Amino acid sequence: MSDLRELYQQVILDHNKNPRNFHELPNATKSVDGYNPLCGDHYKIYVEVEGDTIKDIGFTGNGCAISKASASVMSSSLKGKSTAEAHQLFDVFHKLVTGEPGSLSTAELGRLAAFSGVSEFPARVKCATLAWHTLNSALEGDKETVSTE
Amino acid sequence: MSAVLQQTNTGLDIDRIRRDFPILTQPVRGGRPLVYLDNAATTQKPRQMIDRIVRYYTEENANVHRGVHYLSETATDSYEKARTTVKRFINARDEKEIVFTRGTTEGINLVAQSWGRKNIGAGDEIVITAIEHHSNIVPWQMLCEEKGSRLLIVPVNDEGEVILEEFEKLLSPRTKIVSFGHASNALGTINPIRKMIALAKAAGAVTLIDGAQGVPHLHVDVRDLDCDFYAFSAHKVYGPTGTGVLYGKESILDAMPPWQGGGDMILSVSFEKTTYNALPYKFEAGTPNIEGVIGLAAALDYVSAIGIDTIAAHEQDLLHYATKRMLEIDGLRIIGTAAEKASVISFVLEGVHPHDIGTILDEQGIAIRTGHHCAQPLMLRFNVPATGRASFAMYNTRDEADALVDGLHKVIEVFR
């Protein structure tokens with residue numbers, strides 16, 4: 001059960017139960033649908049970008065605890081950040097959940113550190129990164145839908 | 001998991017059967033006994049089937065229907081004997097009616113592309129049910145798109161049972177083919193196929209049964225059913241992956257154009273004119289999955305030796321026991337509560353997504369399926385994004401159903 005506790009850390013369980021920014025954004029400059037066709041997870045990510053700054057993020061949809069908590073933590077971590085910072089953080093997050101070296105210290109990661117247990121569960125990496133991939137696409141502005149497959 | 005002395009009251013020597021399936025003794029996830037409850041996705045394989053494939057490659061390997069040499073004759077003989085085994089297993093009239101495919105999906109696509117393209121036109125209607133697997137939805141959608149025909153869906157009630165009156169209402173002279181599952185992979189519902197086939201025939205429609213979840217659990221007699229087509233997969237009935245069967249009535253198969261072109265499906269080829277081979281070879285272009293077909297026959301022999309009715313009784317015992325035990329769990333809801341069910345239990349747990357249930361059970365060595373089970377429209381019907389699904393086979397035990405229930409309590413613990 002120890003690996004499970006690593007995966008389902010308190011932060012994740014909390015964000016799953018009470019997701020932050022779990023709503024549409026009336027002033028969204030862009031919204032993108034993200035799907036994981038294998039498990040049926042589906043989120044819509046809304047962003048309001050002004051110049052280079054992410055003014056607001058919201059999301060709707062449903063999926064497992066890992067994917068929902070990830071969308072929630074992402075949305076609260078990126079509000080007010082620049083798009084360049086968002087890309088950078090995605091890179092760090094991706095390394096964290098795939099167990100690649102080179103990620104930041106726990107202190108630097110902040111709430112994102114709660115996802116460190118995901119790397120022990122390769123089947124769940126897609127859950128953890130679904131919202132991030134979707135946001136990435138919203139910021140790039142190139143697609144209306146994203147799929148993990 | 002102690003399976004010892006689990007001689008069930010359904011007359012199955014479960015201990016002996018479990019010894020036939022080598023994979024079941026393999027510990028997983030740090031030494032835990034494997035509790036394999038994902039049988040609706042694929043079944044595990046008995047040693048008898050595995051050994052037969054090994055023997056084929058060790059002693060008989062050659063291409064079939066081609067060579068004059070000893071090995072080719074031996075391989076062809078084994079391959080064609082397998083056809084006879086399948087014929088007997090589903091009580092078809094003739095070997096010509098047994099077409100080997102890659103699986104149920106390919107069988108349905110073959111019918112849609114060959115029979116469908118020839119016989120279905122604009123304004124014609126195809127009837128399926130709301131509990132079909134994607135493989136019995138998409139091939140028809142593709143055909144409808146091409147031909148301008150319509151796909152009609154028979155609704156199901158809250159138990160997950162096809163509403164027969166609605167089915168009857170959808171049938172008309174425009175109905176060209178009716179295609180539905182013998183049993184639902186997602187809910188377990190066993191359809192009243194005999195009645196549905198009779199109704200469809202009365203309306204003048206051709207009938208196709210998706211038997212992927214039928215053959216493993218139910219006695220199948222295609223002549224008694226009087227269906228026109230019946231498709232199933234080897235791997236869901238203890239055989240290898242990549243092999244399946246399309247049964248078709250000879251007169252209908254005979255009138256159908258070939259589907260894929262290539263070797264084996266021809267009598268003679270010239271650049272001016274090609275003559276197609278006779279049934280069933282007309283539909284078996286290219287070198288077939290010889291080991292798969294031979295393995296399928298070994299699997300069916302294994303099932304026959306135990307007896308499908310004995311297997312069914314054991315699975316029904318497990319279904320009822322597990323259903324009762326799972327319903328004791330607070331917040332657990334079973335999706336699909338038909339009166340007639342195969343040994344499949346689809347469920348949701350309040351406040352926990354099925355995917356998380358799957359991971360936490362897996363850590364305990366328990367394998368279930370989570371997701372939409374390739375039946376997204378059905379998930380929508382029951383207003384759930386996904387479910388967990390435990391599906392039982394002949395080698396499962398009541399102990400394993402208990403292990404699942406204990407595992408689900410751990411899931412609740414993690415999410416409390």
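The model is predicted: local features need pLDDT of at least 70, side-chain atom pairs count only at pLDDT 80 or more, and totals for chains, interfaces and linings use all residues. Residues are numbered from 1 along each chain as its sequence is written, while chains are lettered from A and ligands numbered from 1 in the order in which they are written.

Start with chain A. It holds six helices and four strands. Helices (H or I, at least four residues) and strands (E, at least two) are DSSP runs, numbered from the N terminus. Along the sequence, the pattern is α-α-β-β-β-α-α-α-α-β. The C-alpha trace of chain A spans about 45 × 30 × 30 Å along its principal axes. Of the 149 residues of chain A, 40% count as buried. A residue is buried if 20 or more other C-beta atoms lie within 10 Å of its own, exposed if 12 or fewer, and partly exposed in between, with C-beta atoms placed from the backbone.

Now look at helix 2 (residues 10-17) of chain A. Its buried residues are Ile12(A), His15(A) and Asn16(A). Helix 3 (65-78) of chain A is included in what covers them.

Next, the two chains meet. Here 14 residues of chain B are in contact with 14 residues of chain A; contact means C-beta atoms, placed from the backbone, within 7 Å. Helix 12 (354-363), strand 14 (369-371) and helix 14 (398-415) of chain B each give two or more residues to the side that touches chain A. Helix 12 of chain B gives the largest share, five residues.

What about the core? The largest nonpolar core has 157 residues, and Ile45(A) and Ala299(B) have the most contacts inside it. Such a core is a set of buried Ala, Val, Leu, Ile, Met, Phe, Trp, Tyr and Cys residues joined through C-beta atoms within 7 Å. Helix 10 (residues 290-306) of chain B gives the most to this core, with ten residues. Leaving aside neighbours within four places in sequence, Ala299(B) touches Met49(B), Ala234(B), Val237(B), Tyr238(B) and Gly239(B).

Finish at strand 2 (residues 98-101) of chain B. Ile98(B) and Phe100(B) point one way, Val99(B) and Thr101(B) the other, and all are buried.

Key:
Contact = placed C-beta atoms within 7 Å.
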